[in-house]
Amino acid sequence: MSEHGNKRISKDEYFMNIAIEVSRRSTCTRRQIGALIVSEHGEIKSTGYNGNPRGLPHCGEMGCIRDKLKIPSGTRLETCTAVHAEQNALIQAGTNAKGSTIYSTIVPCPICARMIMNAQVARVVYIGNYSDLSGLELLEQGGIKVTRVDEKLFKAKLQR
């Protein structure tokens, strides 16, 4: 508590709140995901949200191909035309991702986990699980520090 009685939130809460706001730009009709890359010095390097690549119609306009084909969450990821939030954040950060922390509103999928490892991200902080947890296993095998924050801290924001 500060001298004025205000409780200061942790850096993880602060940056995750920003990732949640970033997720509101998502064009995915199934799940809105946001990601944020933060340097080891606490500087925001990039943000990303999931949605179709530039120049393609959004899923809200053309419908979700995964829904049309009745593909369950976490399977046949290659069928989706969207770029994941973590991927967009990594693309925007470029080499600035090295040694950083990535905040994601969901645990990264295995494809994103491999990209995070190759970008030499030091830490991943996430809120919710994904139906396929093999990305989490890959991150741990690769020596990436992984932190799951308490979903209760963000429940009201996630339900907007």
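Two strands pair if DSSP finds at least two bridges between them. Keep that in mind for the sheet. Helices (H or I, at least four residues) and strands (E, at least two) are DSSP runs, numbered from the N terminus.

Now the ground rules. This is a predicted model: local features need pLDDT of at least 70, side-chain atom pairs count only at pLDDT 80 or more, and totals for chains, interfaces and linings use all residues. Residues are numbered from 1 along each chain as its sequence is written, and side-chain values use heavy atoms, with hydrogens and water left out.

Five strands make an open sheet in the order 2-1-3-4-5, with mixed pairing. Strand 2 and strand 5 (145–148) are the edges, each pairing on one side only. On average, neighbouring strands are turned by 15° against each other, direction ignored. Strand 1 and strand 3 run antiparallel, joined by four bridges. Within that pairing, L36 stands opposite Y103 in strand 3.

Helix 1 packs on this sheet and touches strand 1, strand 2, strand 3, strand 4 and strand 5. Contact here means heavy atoms within 4.5 Å. The direction of helix 1 makes about 55° with that of strand 3. Axes are lines fitted to C-alpha atoms, for helices over the stretch in contact, and angles run from 0 to 180 degrees between N-to-C directions.

Next, the aromatics. How many aromatic pairs does a search of the whole structure find? Two. Rings of Phe, Tyr and Trp (its six-membered ring) pair if their centres lie within 6.5 Å; planes under 30 degrees apart count as stacked, over 60 as edge-to-face and the rest as tilted. F15 and Y103 have ring centres 5.4 Å apart and planes at 40°, so this pair is tilted. F15 sits in helix 1 (residues 11–23) and Y103 in strand 3 (residues 101–106), so the pair ties together parts 88 residues apart in sequence. Both F15 and Y103 are buried. Buried means under 20% relative accessible area, exposed over 50%, partly exposed in between (1.4 Å probe, protein chains only).

On to S26. This serine is in the loop between helix 1 and strand 1. Buried or exposed? S26 is buried, at 9% relative accessible area. Its side chain reaches the backbone nitrogen of C28 at 3.1 Å. A polar contact of 2.7 Å also links the side chains of S26 and N50. The criterion is a pair of N or O atoms within 3.5 Å; within protein, one must be able to donate a hydrogen and the other to accept it, and residues adjacent in sequence count only if both atoms are side-chain atoms. Leaving out residues up to four places away in sequence, S26 touches R31, Q32, I33, Y49 and N50.

Helix 4 now. Its buried residues are A85, E86, Q87, A89, L90 and A93. Their cover includes strand 1 (34–38), strand 2 (44–49), strand 3 and helix 5. G94 follows helix 4 with a positive phi, near 55°.

Last, backbone angles. Most residues other than glycine have a negative phi. K70 is not a glycine, yet its phi is positive, about 55°. K70 is in the loop between helix 3 (65–68) and helix 4 (85–93), and is exposed at 71% relative accessible area. Q120, also not a glycine, has a positive phi of about 65°. Its loop runs between helix 5 (110–118) and strand 4 (123–128). Q120 is partly exposed, at 44% relative accessibility.
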